[in-house]
Amino acid sequence: MSIDIRNVSKTFGTFKALDDVSLRVDSGELVALLGPSGSGKTTLLRIIAGLERADPGSGEMFFHDEDVARRHVSARGVGFVFQHYALFRHMSVFENVAFGLRVKRRHRPDRAFIRRKVLELLRLVQLEGMAGRYPHQLSGGQRQRVALARALAVEPKVLLLDEPFGALDAKVRKELRTWLRRLHDELHVTSVFVTHDQDEALEVANRIVVMNRGRIEQVGTPDDVFHHPATEFVMHFLGDVNTFHGRVNGGTVQFSELNLPFPENRRQIVGDARVFVRPYDVTIDTKMGGLPALEAKVARVHSAGPLVRVELVTSTNQRLVSEISQERFATMNLAPDSTVYVRPRHIRVFAGG
Amino acid sequence: MVNGLHWKRPSVLPGFGLCMGFMLLYMGLLVLIPLGGLVLFTATRLSAAELWDRAIADPRVLASYRLSFGASLIAATLNAGFGLVVAWVLVRYTFPGKRLVDAMVDLPFALPTAVSGIALTTLYAHTGWIGRWFDPLGIQVAYAWPGIVIALTLIGMPFVVRTVQPALEDLEPELEEAAASLGATRWQTFRRVILPAVLPALLTGFAMALARAVGEFGSVYFIAGNMPYRTEIAPLLILIRLEQFDYVGATAIGVVMLVVAFALLLVINLLQWWSRRFQT
């Protein structure tokens, strides 16, 4: 079931939560809405679910070419998973999962069917044997899996997850997102999830929708948005970045005593520009090589981690960060205040001062 | 300390001994000694057979129990229903004058019960503003049992509202959204999600309203008409016995009421315990 959102806006009082947003989610996709808090990602998800109405007169919404904009949430056929689980505390795990089947008015399945279906779902979310427990007897990760099973019980056409792992601790979160990815590969139900964690989005989603201030900044595959960010915001939001101010001159950009050719797809930029370099794209040498490089002093070294993080200050007092491999670090003998030569391997240039 | 029986567990909260002692003193002075004295007074002056004859088998006393507990149960049930609605409105909706209404809920607590009794009597008498509409239908409100129920409902109302209100406020809106997304109608959501969640609080409110109604005297005194066998509540009968200097007869009725009330509260507490089984 595809989702088609066209020109949707949503205002809360004077705050514009969504500003003319259009998005298409194809059938069977797993799409992440990624953005900082207040970017409108949750509002968009809730509008898809029907828990929130778009501004009157704005926008259209289709599920597989069927207009659902004015359809109540209970008739949309969506499964919704909340950040804080929203399990029914007075019901056992079994009853929670069975809820959607028990409240059906037309074609209510019989007891045997419900039982079979619920146990099958509990197996799917790896909670066999927990059917008789109450939510307060489960861990956060288990609760969220119950919530997922409950949402899947009604066989939703669309599965919507609002920061599903946001309330869990880091380790459980990692396990669950890998597991969600596998589950989606099995079920192929069109899914949209909201997150502010770029690692989560990059790892789990087929496509990422980066949002900021009620607008969509970029839509693309994880590779696209990570390696080819369309805007400065996306560049900043997906990982650490070093920022320089520079000027474009012909085919090169000049910044901090460096003059580098810059990517061809940005050739329309003229004049003041901003240059971005990811820390792992900053190479360090102890000797001045033949290539253009910046002279810098080492300020700090963090070597605990898969990569070594080196904080540097250039001769023009510009701060920047480099990430190098442990092996390379071992060959260099870097200490605070030692002089090094740094060179950006890949740069991205955006217009503006 | 004896193994297996720990009065006191190590705790970061100081003052267990002091607080426990204070609680015992407080409960003793206010509850245990007066009520124990009542039982002792009766037990030393009446044999079991006499107690039976005077405080249970006497048809006039029996009728007063039936009226007292019956009307109280009806009133507490009405309060559970309407109190839930009032709490719901106060929690879920915003409307002009909401704070005023919220404050008014407590008025029955503050008002001398005689005042509310007289006011209700004036209103529901067969010539009163409301009573006159019931009179042609042959329904007598004041000076009959419906009047008693109304008086008891009034004085018990705050209990249900004030216990259910916080429970409703604690209910996350996500629960209702979850139920709706799973296809439940508003009614199904109320029946299966909201009501079970507030049931423990509702039962507490019910128990308190019931207890208050059983013990109520002032407002009923004015609206009941106090006809023996028909509109005479047990607390009034105790007063009548006292006025006849029949102290033993008065305390005997008191003891029976005490036992029945305690049994009722115990049952409600068990129900509450059961309704909270899903909580930590």
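How many residues of chain B are in contact with chain A, and how many residues of chain A are in contact with them? In this predicted model, the contact takes in 21 residues of chain B and 25 residues of chain A. Together the two chains bury about 2100 Å², and 63% of that area lies on carbon and sulfur atoms.

One salt bridge is found between chain B and chain A. The partners are B:Glu177 and A:Arg46, whose closest N and O atoms are 2.6 Å apart. Polar contacts across the interface of chain B and chain A come to four residue pairs, counted with both residues at pLDDT 80 or more. On the side of chain B that touches chain A, helix H9 (173-181) and helix H10 (186-215) each supply at least two residues. H9(B) gives the most to this side, with seven residues. Sorted by class, the side of chain B that touches chain A holds 11 nonpolar, six polar and four charged residues.

Along the principal axes, the C-alpha atoms of chain B fill a box of roughly 70 × 65 × 30 Å.

Chain B is divided into domain 1, covering 13-45, and domain 2, covering 58-279. The C-alpha centres of domain 1 of chain B and domain 2 of chain B are 28 Å apart. Where the two domains meet, six residues of domain 1 of chain B and seven residues of domain 2 of chain B take part in the contact. Domain 1 of chain B and domain 2 of chain B bury about 560 Å² between them, with 91% of it on carbon and sulfur atoms. From domain 1 of chain B, the residues B:Leu38, B:Phe41 and B:Thr42 supply 66% of the area buried against domain 2 of chain B, more than any other three residues. The side of domain 1 of chain B that touches domain 2 of chain B is made up of four nonpolar residues, one polar and one charged.

Turning to side-chain pairs in the whole structure, the search finds 12 aromatic pairs over all chains. One of them joins A:Phe88 and A:Phe99: the ring centres are 4.7 Å apart and the planes stand at 50°, so the pair is tilted. This pair links distant parts of the chain, with A:Phe88 in the loop between strand E6 (78-81) and helix H2 (93-102) of chain A and A:Phe99 in helix H2 of chain A, 11 residues apart.

Salt bridges over all chains come to 32. Among them is the one in which the side chains of A:Lys41 and A:Glu163 meet, at 3.8 Å from N to O. Here too the pair links distant parts of the chain, at 122 residues apart: A:Lys41 sits in helix H1 (residues 41-49) of chain A, and A:Glu163 in the loop between strand E7 (158-162) and helix H5 (170-187) of chain A.

Methods. Residues numbered from 1 in each chain as written. Chains lettered and ligands numbered in written order. Heavy atoms only, no water. Domains from an automatic or database assignment. Contact = heavy atoms within 4.5 Å. Buried area = accessible area lost by both parts, 1.4 Å probe. Nonpolar A, V, L, I, M, F, W, Y, C, P; charged D, E, K, R; others polar. Salt bridge = Lys/Arg side-chain N within 4 Å of Asp/Glu carboxyl O. Polar contact = N/O pair within 3.5 Å; in protein donor to acceptor, adjacent residues only side chain to side chain. Helix = DSSP H or I, 4+ residues; strand = E, 2+ residues; numbered from the N terminus. Phe/Tyr/Trp six-rings, centres within 6.5 Å; stacked < 30°, edge-to-face > 60°.
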